[in-house]
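The following note reviews a structural model, point by point. It considers confidence and then the contact between chains.

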Amino acid sequence: MLYLFGLVTATGFAVAVAAFAGALGQSKAIVAALEGTARQPEASGNMRTLLIIGLAFIESLTIYVLVIAFMLLPKLPDTPKILELLK
Amino acid sequence: MHGEHGSWLSWLYEIKVGPHHLVPEWVPEAVPMSVLVILVLGVLVRLGMRRPQREPRGLQSVIEWVFVSLENTWRGVLGDDAPRFAPFLSSLFIYILLMNWLGLVPGFKSPTANLNTTVALALTVFAVVQYYGVRENGFVGYLKHFTGEIWWLAPLMFPIHVIGELARPLSLSLRLFGNVSGEDRIILVLVALGAILFHRGLGGAAEAVPYGLAAPMIALAMFTSLVQAYIFSMLAAVYLAGVAHESEEEHAASPVSA
């Protein structure tokens, strides 16, 4: 029972933490890109390319966590089994 | 592993040639889908470039616009090497983009939502990068680029660089697979939700309402598919620029790590 509780909590919280951390990291990159564009609008094309590449790197880490969560999802038992375990 | 075949191409699995099926049961639907993409692309380009004019009109101008803007993008990363690698990189981009978009059409499935497709693409990029690395720098030079600048740190740097190099196809494939399969899954959930909430058997135009719930997500998925195709091909370009430098110019120093 404790194992199932741990499994469910881990699956849910993993994605939440990954989303939070990913958003934090990406926001720093976007802030830097915006400040650079405001300072030098003519270099915005180059900055846009680097921004997109950087965002993709950070996003891929979040996606790795999502893949693990998807792999854990089938391992969660469905309702009849849980009711049986609760008896 | 038998997948369920429930798309507009599932009739392919019924065709028999003598006693054998033309397409066996165990072939995942991703394969006929990607064949469809290739056929559509081939037919389109053939039709457009059948009689090339000096001043392009219609389909030819669209095709030329796509190719030229892609080559300019690679030029930003590769510099003068761009015409060498532009065919590979542009094909990669257009192929991945159309495969991603195919899953958004109702009745079709993205081949890139299948891990096998993305791993195959990532391994192709890996093989091409290693091949050009050995071809440009020779075998010794290629091994040397793993050791880094400081020679007495080489026993430490070599495993780190090798692992970093091996992590590239892993991250490429998982990034593309995770993004595309994730957005397809969200659309599936939204369509199911719409069907549960709104389907009352009204008939006629009201049947389309359940799918309307997924429409904003489909629009977002079109954009993220474009970004992911761009990222994949841009990273392939960056990796190629890292190994195959004929002219010693250091363009757009992007971080080349996994």
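1. Chain B has a mean pLDDT of 82, with 88% of its residues at 70 or more; pLDDT is the predictor's confidence in each residue, from 0 to 100. This is a predicted model, in which local features need pLDDT of at least 70 and side-chain atom pairs count only at pLDDT 80 or more, while totals for chains, interfaces and linings use all residues. Residues are numbered from 1 along each chain as its sequence is written, and chains are lettered from A and ligands numbered from 1 in the order in which they are written.

2. Within chain B, confidence is highest in helix 3 (residues 82-102), at a mean of 93, and lowest in helix 6 (residues 209-212), at 71. Helices are DSSP runs (H or I, at least four residues), numbered from the N terminus.

3. Over residues 247-258 of chain B, pLDDT stays under 50. The model has 19 contacts beyond four places in sequence for this stretch, a contact being two residues whose C-beta atoms, placed from the backbone, lie within 7 Å.

4. For the complex, the predictor gives a pTM of 0.82 and an ipTM of 0.72.

5. The contact between the chains takes 13 residues from chain B and 11 residues from chain A. On the side of chain A that touches chain B, 8 residues are nonpolar, 3 are polar and none is charged. Here Ala, Val, Leu, Ile, Met, Phe, Trp, Tyr, Cys and Pro count as nonpolar, Asp, Glu, Lys and Arg as charged, and the others, Gly among them, as polar.

6. A:Ile52, A:Ile53 and A:Ala56 in helix 2 of chain A meet B:Val227, B:Tyr230, B:Ile231 and B:Met234 in helix 7 of chain B. This helix contact has 7 nonpolar, no polar and no charged residues.

Methods: Helix = DSSP H or I, 4+ residues; strand = E, 2+ residues; numbered from the N terminus.
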